[in-house]
Amino acid sequence: MITNSYNKATDILLQSNYTAAFTGAGISVESGIPPFRGENGLWNKYDPGVLDLDHFYKNPQASWEVIKEIFYDYFGTTKPNPAHNVLGQMENDGMVKEVITQNIDNLHQAGGSKTVHEFHGNSHRLTCMECSRKYGFENVNFENIPPRCDCGGLLKPDFIFFGEMIPQDALQASQHAAENAEVFIVIGSTGEVYPAAQIPFIAKQNGAKIIEVNIKTSLFTNQITDILLLGKASQVMQQLYETIKSKKNQ
Ligand code: NAD
């Protein structure tokens, strides 16, 4: 049976020898980044086809105009919120071993998390499609679209487009976590995006307890969630962390 007890969640976390967090777009909503799906989702405004790899190569100018607006004008100035910061703090305290994120916004690193497996890559890096040179986004001139490498090659953001493989290192690390973790904290994810959504299911099959944080139920909830903490990620994660601290001091 699913419970919604902070007390129970805290007990499980304090007993765990290996806790991993798995995050989706919901954790960054309070940083001002809308999710793709749902009521205020970006796909209500933009055509997801801009992130199709074939479309990108055939129409780099048109693709880049939208990519720049979504991922660089828009995401570029955002800051971590308390949910990112709590995860960073929990890693620092030795309570969370790693974060597996579907997000590409770099906000876990900005919030203090050190071990972050980026299942879908990161928008803050770009790669030249000709010579493979890497660029930090702060070193790219976005005034000329599409942005180009010094060699003249087309730059592509280092997040995965539709039709691209999941980065091998992130996939392996996520599978390792799913096979070994005793607790998974799943924050702000619909469970609709595959293959990422498999990871909490594999964790559950291997005996992990699932603590879910979301403003509403997801595809995970009725299938694998043990404890559902309903609410905005920042509020829930702060309350969880406060409960942990007060239990530790008892
Ligand atoms: P998703 O699976 O990432 O789902 C978003 C979830 O967040 C929903 O379940 C929603 O109920 C929940 N949510 C919304 N506000 C919340 C809040 N304040 N606190 C807690 N939960 C909240 O689905 P998606 O948005 O369609 O994303 C598709 C893919 O694209 C995912 O891999 C996602 O990570 C990625 N994406 C990344 C970013 C980013 O980097 N910030 C933004 C959009 C999408």
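Predicted model: local features only at pLDDT ≥ 70, side-chain atom pairs only at ≥ 80, totals over all residues.

Colleague: Okay, what is the strand order in the open sheet?

Modeller: The open sheet has 6 strands in the order E3-E2-E1-E7-E8-E9, with parallel pairing. Strands here are DSSP runs of E with at least two residues, helices are runs of H or I with at least four, and both are numbered from the N terminus; two strands pair if DSSP finds at least two bridges between them.

Colleague: And which are the edge strands?

Modeller: Strand E3 (116-118) and strand E9 (227-230) are the edges, since each pairs on one side only.

Colleague: How many bridges join E1 to E7?

Modeller: Strand E1 (residues 19-23) and strand E7 (residues 183-187) run parallel and are joined by 5 bridges, with Ala 21 standing opposite Ile 185 in E7.

Colleague: Switching to cysteines, how many disulfides are there?

Modeller: The count comes to 0 disulfides, where a disulfide is a pair of cysteine sulfur atoms within 2.5 Å. For Cys 128, the closest cysteine sulfur is that of Cys 151 at 3.6 Å, which is too far for a bond. Cys 131 is in no disulfide either, as the nearest cysteine sulfur, in Cys 149, is 3.7 Å away.

Colleague: Is Cys 128 buried or exposed?

Modeller: Cys 128 counts as buried because its relative accessibility is 2%, whereas Cys 131, at 41%, counts as partly exposed. Buried means under 20% relative accessible area, exposed over 50%, and partly exposed in between, using a 1.4 Å probe and protein chains only.

Colleague: Now the rings: how many aromatic pairs does a search of the whole structure find?

Modeller: The search finds 12 aromatic pairs. Rings of Phe, Tyr and Trp (its six-membered ring) pair if their centres lie within 6.5 Å, and planes under 30 degrees apart count as stacked, over 60 as edge-to-face and the rest as tilted. In one of these pairs, Phe 71 and Phe 159 have ring centres 4.6 Å apart and planes at 45°, so the pair is tilted.

Colleague: Where do Phe 71 and Phe 159 sit in the chain?

Modeller: Phe 71 is in helix H3 (residues 60-74) and Phe 159 in strand E6 (residues 155-159), 88 residues apart, so the pair links distant parts of the chain. Phe 71 is buried, with a relative accessible area of 1%, and Phe 159 is buried at 2%.

Terms used:
Residues numbered from 1 in each chain as written. Heavy atoms only, no water.
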